[in-house]
Amino acid sequence: MKILGIRTAPTQLRYALITKENDDLILLNADSESLIKVPVSIEEYSDMIAWQKEEVDRIIRQNSDIVKVVLKIAEYGRTDTKSNRLGSYFDAAVILATKSANIPIESKLYSQLGTTRSKVKGHAESRVGRTTKYWNEQIADGVIAAWSARGEL
């Protein structure tokens, strides 16, 4: 069984797959794909959103034993910009893909995850681990989001 943690951004998708072995949580994709960038050839919002959903569909297809998805959403209070709107649309694509696969999904803010942007990397690494490449706040968001549902494993 696996938990999928996701953090979207206007130009990329970050995701973490965790499982439990004995009492240890394992970051399954620590050494493999955790960063998927929007192809530069895609310029239209509708095409980007469709691409995002297809990528999440693929991740779910390749990991048929996902029992829950936790989506780290953008914090409230940020200004309404084109970039923030696209991030929200990407979050919606994740929700649609997950619902289509009949997998439970939750959306969470930092306060619900017990961390902050400045502390998320340390919290994620100490609780589950870190990726060997492209380690930053966005993938740490995905890791800590997945960690938050560890009781489902």
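Leaving aside its neighbours within four places in sequence, with which residues is Val56 in contact? They are Ile6, Leu13, Val94 and Ala97, where contact means heavy atoms within 4.5 Å. The model is predicted, so that local features need pLDDT of at least 70 and side-chain atom pairs count only at pLDDT 80 or more, while totals for chains, interfaces and linings use all residues. Residues are numbered from 1 along each chain as its sequence is written, and side-chain values use heavy atoms, with hydrogens and water left out.

**Nonpolar cores**

- The largest nonpolar core has 24 residues, of which Leu4, Ile6, Tyr15, Val56, Ile66 and Val69 touch the most other members; such a core is a set of buried Ala, Val, Leu, Ile, Met, Phe, Trp, Tyr and Cys residues joined through side-chain atoms within 4.5 Å.
- At least two residues of this core come from each of β1 (2–9), β2 (12–21), α1 (45–62), β5 and α2 (82–100), these elements being DSSP runs numbered from the N terminus, with helices (H or I) of at least four residues and strands (E) of at least two.
- Helix α1 gives the most to this core, with 5 residues.
- Another core, of 21 residues, lies apart from it and has Ala140, Ile144, Trp147 and Ala149 among its members.
- In soluble globular proteins, nonpolar side chains tend to be buried together.

**Helix α1**

- Helix α1 has 18 residues and reaches 26 Å from its first C-alpha to its last, close to the 26 Å expected at 1.5 Å a residue, the expected span being 1.5 Å times one less than the number of residues.
- The buried residues of α1 are Met48, Trp51, Gln52, Glu55, Val56, Arg58, Ile59 and Ile60, where buried means under 20% relative accessible area, exposed over 50%, and partly exposed in between (1.4 Å probe, protein chains only).

- Lys72 is found in strand β5 (residues 66–72) and counts as buried, because its relative accessibility is 0%.
- The side chain of Lys72 makes a polar contact with the side chain of Glu75 (2.7 Å); a polar contact is a pair of N or O atoms within 3.5 Å, of which, within protein, one must be able to donate a hydrogen and the other to accept it, and residues adjacent in sequence count only if both atoms are side-chain atoms.
- Leaving aside neighbours within four places in sequence, the residues in contact with Lys72 include Ile6, Arg7, Asp141 and Ala145.

**Aromatic rings**

- The count comes to 1 aromatic pair, under a rule by which rings of Phe, Tyr and Trp (its six-membered ring) pair if their centres lie within 6.5 Å, with planes under 30 degrees apart counted as stacked, over 60 as edge-to-face and the rest as tilted.
- The ring centres of Tyr45 and Tyr89 are 5.9 Å apart and the planes stand at 75°, so the pair is edge-to-face.
- Because Tyr45 lies in helix α1 and Tyr89 in helix α2, the pair ties together parts that are 44 residues apart in sequence.
- Tyr45 is partly exposed at a relative accessible area of 24%, and Tyr89 is partly exposed at 36%.
- The charged end of Arg127 sits over the ring of Trp147, 4.3 Å from its centre, and the charged end of Arg150 sits over the ring of Trp147 at 3.8 Å; this requires NZ of Lys or CZ of Arg within 6 Å of the ring centre and within 35 degrees of the ring normal.
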